[in-house]
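Trainee: I would like to learn how to read a model like this one, feature by feature. Where do we begin?

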Amino acid sequence: MGIARGMSDFREISSTERAGATVLAGVGDLTAQQVDAVVNAANEYLRHGDGVAGALASAGGPEIQNESDDWVSRHGPVGPGKAAVTTAGELPAEHLIHVVGPRYAEGQDNVAMLTRAVEAALGAAVEQQARSIALPAISAGIFGYPLDEAAAVIAETALRWLDEHDGQPSEIRLVALDEEGAQAFAAGF
């Protein structure tokens with residue numbers, strides 16, 4: 001599952017207001033989002049080879065992998081509920097926020113693990129004073145989380161976050177590769 005190349009615009013499918021902020025669900029190229037921060041669905045070691053992480057690293061240039069390697073060498077692997085922040089390289093965003101969602105498996109609390117990843121991303125955005133952030137369907141790709149379930153957890157967590165944090169950041173974009181993913185995010189509203 002990769003990023004749709006050449007699709008630079010964000011096509012809004014649905015939106016909702018919460019605590020003075022806007023949450024949007026739509027179709028777009030995550031690598032082309034003109035927001036303050038983009039979230040990377042990463043692995044613990046920030047090795048950006050496949051999926052969303054590979055697409056972001058490819059579009060953002062070698063600086064992203066170099067900064068990620070440096071972050072891991074200084075702090076160790078990115079743990080559950082934690083975020084690593086690097087610059088966004090050549091992406092139009094200022095910050096790239098790396099979080100690790102669950103590798104979906106029966107018998108573990110996938111919802112709690114994904115909720116912590118989304119909260120870590122939003123918390124890092126607030127710490128970086130990012131007013132706008134774009135999130136993909138964390139864990140729904142190569143980590144195997146069913147899309148509808150993951151999208152609902154992400155959308156619900158974003159809405160709850162805004163209620164609990166005075167509408168910060170002021171814009172949260174839930175960016176899907178296709179109509180199906182965007183509709184799954186919108187259903188979470």
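Mentor: With overall size: the radius of gyration is taken over C-alpha atoms, and the globule rule is 2.2 Å times the number of residues to the power 0.38. For 189 residues the rule puts a compact globule near 16 Å, and the chain has 15 Å, so the two agree. Along the principal axes, the C-alpha atoms fill a box of roughly 40 × 40 × 30 Å. Keep in mind that this is a predicted model.

Trainee: What pLDDT does the chain average?

Mentor: The average is 94, and 96% of the residues score at least 70. Over residues 1–8, however, the pLDDT is below 50, although this stretch has 26 contacts in the model beyond near neighbours in sequence. Where pLDDT is low, the predicted coordinates should not be read in detail.

Trainee: How many helices and strands does the chain have, and in what order do the elements run?

Mentor: There are 5 helices and 7 strands. Starting at the N terminus, the order is β-β-β-α-α-β-β-α-β-α-β-α. As for contacts with a separation of 6 or more, 67% are between residues 24 or more positions apart.

Trainee: What share of the residues count as buried?

Mentor: The share is 52% of the 189 residues. The accessible surface comes to about 8200 Å², with 45% of it belonging to carbon and sulfur atoms.

Trainee: Where is Gly167 found, and is Gly167 buried or exposed?

Mentor: Gly167 sits in the loop between α4 (147–164) and β7 (171–176). Its relative accessibility is 2%, and buried means under 20%, so Gly167 counts as buried. Beyond its neighbours within four places in sequence, Gly167 is in contact with Arg18, Ala19, Ala21 and Leu162. Ala19 is 148 residues away in sequence, yet the C-alpha to C-alpha distance is 4.7 Å.

Trainee: How is a pair of aromatic rings described?

Mentor: By the distance of the centres and the angle of the planes. A search of the whole structure finds 1 such pair. Its rings belong to Tyr104 and Tyr145, with centres 4.9 Å apart and planes at 55°, so the pair is tilted. Tyr104 lies in the loop between β5 (95–99) and α3 (110–127), and Tyr145 in the loop between β6 (132–135) and α4, so the pair ties together parts 41 residues apart in sequence.

Trainee: Which residue lies over the face of Phe10?

Mentor: Arg173 does, at 5.3 Å from the ring centre.

Notes:
Residues are numbered from 1 along each chain as its sequence is written. This is a predicted model: local features need pLDDT of at least 70, side-chain atom pairs count only at pLDDT 80 or more; totals for chains, interfaces and linings use all residues. Side-chain values use heavy atoms; hydrogens and water are left out. Helices (H or I, at least four residues) and strands (E, at least two) are DSSP runs, numbered from the N terminus. Buried means under 20% relative accessible area, exposed over 50%, partly exposed in between (1.4 Å probe, protein chains only). Contact means heavy atoms within 4.5 Å. pLDDT is the predictor's confidence in each residue, from 0 to 100. Rings of Phe, Tyr and Trp (its six-membered ring) pair if their centres lie within 6.5 Å; planes under 30 degrees apart count as stacked, over 60 as edge-to-face and the rest as tilted. A charge sits over a ring if NZ of Lys or CZ of Arg is within 6 Å of the ring centre and within 35 degrees of the ring normal. Accessible areas come from the Shrake-Rupley method with a 1.4 Å probe; for residues, only the protein chains shown count as cover.
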